Amino acid sequence: MAELAPYAARADASRGRRIAEPAPEGRSEFQRDRDRIVHSTAFRRLEYKTQVFVNHEGDLFRTRLTHSIEVAQIARSIARNLALNEDLVESIALAHDLGHTPFGHSGQDALNECMRDFGGFEHNLQSLRVVDVLEQRYGGFDGLNLCFETREGIIKHCSLTNARKLGDVGERFLLKRQPSLEAQIANFADEIAYNNHDIDDGLRSGLITLKQISETGVFARHLASVKREYPDLQERRLIHETVRRMINTLVTDLTGESDRRILARRPADLEAVRSGEALISFSDEIKREQRELQSFLRKNLYKHYRVQRMSNKAKRIVRELFSAFLDDPLLLPPEFQARAAEDTPRAIADYVAGMTDRYAIKEYRRIFTVDIS
Ligand code: MG
């Protein structure tokens with residue numbers, strides 16, 4: 001790796017793992033985190049979990065697995081250009097969605113409602129729970145026993161009530177401090193990835209049209225530049241070329257603006273990063289364009305009646321599974337019954353959140369469908 005900036009996170013200066021382990025050989029601490037994440041069960045399940053579309057609706061749509069890989073790739077480019085720690089942003093990006101429920105945002109909303117009286121459900125807290133507790137694969141500890149810096153990066157936002165329960169990684173919310181620049185980058189890379197991929201998937205599914213999205217300034221501007229350069233491009237390639245340029249513009253803008261802010265502040269080290277204001281940022285112009293794009297997607301894609309029908313079904317599956325297990329915890333598989341002895345609603349939330357889209361549908365049928373043959 002190229003030389004790191006003085007304010008980058010360093011694997012050899014990590015605040016360490018919850019349970020001390022001998023230093024890894026042939027790889028850094030953050031590379032070991034990445035490897036543990038990639039080998040986890042929760043990571044493999046991301047292949048069958050979705051963002052907006054339900055997994056079985058088509059083979060071409062993004063899943064949370066391809067989304068996480070895209071976030072990692074975008075985040076690494078930005079980190080490299082700012083002389084920050086590429087291995088750490090990669091670990092954070094690959095882990096950031098591990099706690100997501102089946103059926104994207106609708107699944108998360110439904111589970112949060114179910115858990116309202118039992119401490120709530122929040123997917124980035126759940127991602128931390130996956131890497132701290134729920135993965136069961138190592139002899140010496142529960143979870144993946146990741147470094148503080150990776151765990152801190154997973155918690156994007158968090159209420160003060162939850163922050164108090166989180167210990168070391170909750171501190172910064174209570175003290176109003178910043179996470180590492182690497183964590184800030186992973187956060188923006190997530191936003192860059194999902195906005196653009198939702199446009200791409202939205203167009204591919206036919207839920208939004210090229211004409212509609214050309215109402216947004218940013219799409220229209222890039223589309224026009226592609227058409228000028230390639231007047232006869234067939235529509236799919238036109239869209240790819242436009243989205244590609246949009247991602248590129250966002251990455252370039254974020255890198256440039258962040259670089260300017262870092263140069264203006266010149267943090268001496270990671271500690272100075274933590275005690276100042278957030279330094280990773282888009283320029284004001286791009287912020288405005290991103291807001292316009294997001295409100296377009298909300299109105300035309302996320303609230304599209306066909307997406308609403310899907311998410312309504314998804315919510316019903318999550319709600320009904322949750323209440324069936326709460327009424328009779330003996331319906332839970334044995335490992336979750338053992339957890340339920342301590343905290344029944346939380347054990348059910350863990351079980352439901354871990355399900356892939358297709359597993360949740362199957363489980364719903366197994367529990368509610370009478371099939372006597
Ligand atoms: Mg994400």
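These legends go with a set of close-up views of a predicted model. Numbering runs from 1 along each chain as its sequence is written, and side-chain values use heavy atoms, with hydrogens and water left out. Because the model is predicted, local features need pLDDT of at least 70 and side-chain atom pairs count only at pLDDT 80 or more, while totals for chains, interfaces and linings use all residues.

View 1. Three protein atoms sit 2.1 to 2.4 Å from the magnesium ion: His67 (NE2), His96 (NE2) and Asp190 (OD). Donors here are N, O and S atoms within 2.8 Å of the metal (3.2 Å for Na, K and Ca), and with water not among the atoms, sites may look incomplete. Written as a sequence pattern, the donor residues read H-x28-H-x93-D. His96 comes from the loop between helix H4 (86–95) and helix H5 (104–114) and Asp190 from helix H10 (residues 181–205), so this pair ties together parts that are 94 residues apart in sequence. The helices are DSSP runs (H or I, at least four residues; strands are E, at least two), numbered from the N terminus. His96 and Asp190 are both buried, where buried means under 20% relative accessible area, exposed over 50%, and partly exposed in between (1.4 Å probe, protein chains only).

**View 2. The largest cavity.** The structure holds three cavities of 30 Å³ or more, and about 80 Å³ of space lies in the largest. The search uses a 1 Å grid over the protein atoms alone: a cavity is a set of points where a 1.4 Å probe fits but cannot get out, and lining residues have an atom within 4 Å of a point. Points are joined across faces, edges and corners, and the volume is the space filled by probe spheres set on them. Of the 13 lining residues, Ile92, His96, Gly153, Lys156 and Asn187 lie nearest the centre. H4, helix H6 (123–134), helix H7 (148–154) and H10 each give two or more residues to this lining, with H10 giving the most, four. Sorted by class, the lining has six nonpolar, five polar and two charged residues. For that sorting, Ala, Val, Leu, Ile, Met, Phe, Trp, Tyr, Cys and Pro go in as nonpolar, Asp, Glu, Lys and Arg as charged, and the others, Gly among them, as polar.

**View 3. The second largest cavity.** This one has about 60 Å³ of space. Its lining includes Asn196, Arg221, His222, Met246, Glu289 and Leu293. Helix H12 (217–229), helix H13 (235–265) and helix H15 (284–302) are the elements that give two or more residues to the lining, and the largest share, four residues, comes from H15. By class, the count is five nonpolar, four polar and two charged residues.

**View 4. Helix H1 and Glu29.** Seven of the ten residues of H1 are buried, so the helix is largely enclosed by the rest of the structure. Charged side chains turn up in the buried set, which is Glu29, Phe30, Arg32, Asp33, Asp35, Arg36 and Ile37. Helix H2 (41–45), H4 and H7 are among what covers them. Glu29 belongs to H1 (residues 29–38) and counts as buried at 18% relative accessibility. Leaving out residues up to four places away in sequence, Glu29 touches Ala11, Arg17, Ala23, Pro24 and Cys147, a contact being heavy atoms within 4.5 Å.

View 5. Helix H18 (residues 344–354) is mostly covered, with ten of its eleven residues buried. Among the buried ones are Pro345, Arg346, Asp350 and Tyr351. The cover includes H2, H5, H6, helix H16 (305–327), helix H17 (334–340) and helix H19 (357–368).

**View 6. Tyr302 and its polar contact.** Tyr302 lies in helix H15 and is partly exposed, with a relative accessible area of 25%. Its side chain makes a polar contact of 2.6 Å with that of Asp198. A polar contact is a pair of N or O atoms within 3.5 Å; within protein, one must be able to donate a hydrogen and the other to accept it, and residues adjacent in sequence count only if both atoms are side-chain atoms. The C-alpha atoms of Tyr302 and Gly202 are separated by 9.4 Å, with the two residues 100 apart along the chain.

Definitions and conventions. On a 1 Å grid over the protein atoms alone, a cavity is a set of points where a 1.4 Å probe fits but cannot get out, and a pocket is an open set with protein on both sides within 12 Å along at least five of seven lines; lining residues have an atom within 4 Å of a point.
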